[in-house]
Amino acid sequence: MKFFIDTANMEEIKEAHSWGILSGVTTNPSLVAKENNISFHDRLKEITELVDGSVSAEVIALDAEGMIKEGRELAQIAPNITVKVPMTPEGLKAVSIFSKEGIKTNVTLIFSANQALLAARAGATYVSPFLGRLDDIGHDGLKLIDQISDIFAIHGIETEIIAASIRHPQHITEAALKGAHIATVPFKVLNQLFKHPLTDKGIEAFLADWKNRTGK
Ligand code: E4P
């Protein structure tokens, strides 16, 4: 499973990129709205210049015609832009057009296996099932990853699964075990993945032993 970062914040993207683990970036209108005084297009340009992999940029229009217009403009920013489209009939109309034009797509707001199957059949490059938001309403987000992963394997579907709406490190381990190709992860959770008390304790002990031996 590969890691994308789920943010529009440049400092967070730069830091995660420097760790050598980053295969892409996802943004959404809420994440972009958190960034003060930035032009959406300028920020996307900046991200695509730093990160080689897929950079998802979401359309705002709700009708297919508007989404196609916005998506084509976004795709002009850089070759690694992926147009993010909501899971609606109009969204899938746009996805099928983008697919024919060779524009990569990420169908977002997936909450059922049937939605994922529809998106894949419309030609989506990626589907984004939202784990955390399902857990929030008492459903099992990870079960959805399991179902989509099985269905795509049974039917030889090449659309990649992005585990989204990640809330904690356990989501990452389980999504990887259940066959998600990618997890798009907030910066806070990426940092949590490094942490283990025995790692910290081990470093402390190594340094203490070294100091005892060398006095440094
Ligand atoms: C990613 O593509 C999604 O926009 C994101 O993971 C949503 O996460 P949230 O449910 O924490 O807003």
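Ser-165 counts as buried because 21 C-beta neighbours lie inside 10 Å; a residue is called buried if 20 or more other C-beta atoms, placed from the backbone, lie within 10 Å of its own, exposed if 12 or fewer, and partly exposed in between. The structure is a predicted model, in which local features need pLDDT of at least 70, side-chain atom pairs count only at pLDDT 80 or more, and totals for chains, interfaces and linings use all residues. Residues are numbered from 1 along each chain as its sequence is written.

Ser-165 is placed in the loop between β7 (160–163) and α9 (169–177); helices (H or I, at least four residues) and strands (E, at least two) are DSSP runs, numbered from the N terminus. Its phi is positive, about 55 degrees, although Ser-165 is not a glycine. Most residues other than glycine have a negative phi. Asn-37 also has a positive phi, near 50 degrees, and is found in the loop between α2 (29–33) and α3 (40–50). Asn-37 counts as exposed because it has 4 C-beta neighbours inside 10 Å.

Ser-165 is one of the residues around the ligand, which include Asp-6, Asn-28, Thr-108 and Arg-133; a residue is counted there if its C-beta atom, placed from the backbone, lies within 6 Å of the molecule. The shell around the ligand consists of two nonpolar, seven polar and two charged residues. In this division Ala, Val, Leu, Ile, Met, Phe, Trp, Tyr, Cys and Pro count as nonpolar, Asp, Glu, Lys and Arg as charged, and the others, Gly among them, as polar.

Strand β3 (residues 54–58) is mostly covered, with five of its five residues buried. In a regular strand the side chains alternate between the two faces of the sheet. Ser-54, Ser-56 and Glu-58 point one way from β3, and Val-55 and Ala-57 point the other way. Strand β2 (residues 22–26) runs parallel to β3 and is joined to it by three bridges; strands pair if DSSP finds at least two bridges between them. Gly-24 stands opposite Ser-54. Four bridges join β3 to the parallel strand β4 (residues 81–86), where Val-83 is the bridge partner of Ala-57.

Lys-84 counts as buried because it has 25 C-beta neighbours inside 10 Å. Leaving aside neighbours within four places in sequence, the contacts of Lys-84 (C-beta atoms, placed from the backbone, within 7 Å) include Asn-28, Ser-56, Ala-57, Glu-58 and Thr-108.

Methods: Contact = placed C-beta atoms within 7 Å.
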